[in-house]
Amino acid sequence: MQQNILKTTGTDEYYTSERCYILEISNSRDDENVSIARARVPSGVTTTWHRLQDVEERYLITSGQGLVEIGDLQPASVSNGDVVLIPAGTRQRITNIGEVDLIFYAICTPRFKEDCYISLEDSVPLP
């Protein structure tokens, strides 16, 4: 990793087949150890069941209210300031149970790459 200051804009946000919006904050070959993305889940939406192969993930909730399901744990309510720890290969999804967008940072180690994402549901068409 080299010294750097990364700048992002909201215009780089994109919609995924996981049913949420993603803004890549930091995901680069120059920093293989970690990636950071902001996820935004609209009110009433549940993301698709998925897992990340060989990648650990943490959700840092910054806004809204969610119901997170990971592995064999009971569904749990999450809100601003909560951190969800998701071991590599563990199934996961989150539902926005509030009235405003659920926003959280997804921090992955090592960094997220498309080929680590494994959907556990049939593909979901984009709107």
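Which residues is Phe-104 in contact with, leaving aside its neighbours within four places in sequence? They are Ala-37, Arg-38, Ala-39, Val-41, Tyr-59, Leu-60, Ile-61, Thr-62 and Ile-94, where contact means heavy atoms within 4.5 Å.

A quick note before the views: this is a predicted model, in which local features need pLDDT of at least 70 and side-chain atom pairs count only at pLDDT 80 or more, while totals for chains, interfaces and linings use all residues. Residues are numbered from 1 along each chain as its sequence is written, and side-chain values use heavy atoms, with hydrogens and water left out.

**View 1. Here is the open sheet of six strands, in the order β1-β2-β3-β10-β5-β8.** The pairing is antiparallel; two strands pair if DSSP finds at least two bridges between them. Strands here are DSSP runs (E, at least two residues), numbered from the N terminus. At the edges sit β1 (14-15) and β8, each pairing on one side only. Between β3 and β10 there are seven bridges, and Arg-40 stands opposite Ile-103 in β10.

**View 2. Tyr-59 meets Phe-104 in a tilted ring pair.** Their centres are 4.4 Å apart and their planes are at 40 degrees. Rings of Phe, Tyr and Trp (its six-membered ring) pair if their centres lie within 6.5 Å; planes under 30 degrees apart count as stacked, over 60 as edge-to-face and the rest as tilted. This pair links distant parts of the chain, with Tyr-59 in β5 (residues 56-63) and Phe-104 in β10 (residues 102-109), 45 residues apart. Both Tyr-59 and Phe-104 are buried (under 20% relative accessible area, with exposed over 50% and partly exposed in between; 1.4 Å probe, protein chains only).

**View 3. Tyr-15 and Tyr-21 pair edge-to-face.** Here the rings are 4.9 Å centre to centre, with 65 degrees between the planes. Tyr-15 is partly exposed at 27%, and Tyr-21 is partly exposed too, at 24%. Over the face of Tyr-21 lies Arg-40, at 4.2 Å from the ring centre. (A charge sits over a ring if NZ of Lys or CZ of Arg is within 6 Å of the ring centre and within 35 degrees of the ring normal.)

**View 4. The largest nonpolar core has 16 residues.** Such a core is a set of buried Ala, Val, Leu, Ile, Met, Phe, Trp, Tyr and Cys residues joined through side-chain atoms within 4.5 Å. Those with the most contacts inside this one are Tyr-59, Ile-61, Val-68, Val-84, Ile-94 and Phe-104.

Notes. Helices (H or I, at least four residues) and strands (E, at least two) are DSSP runs, numbered from the N terminus.
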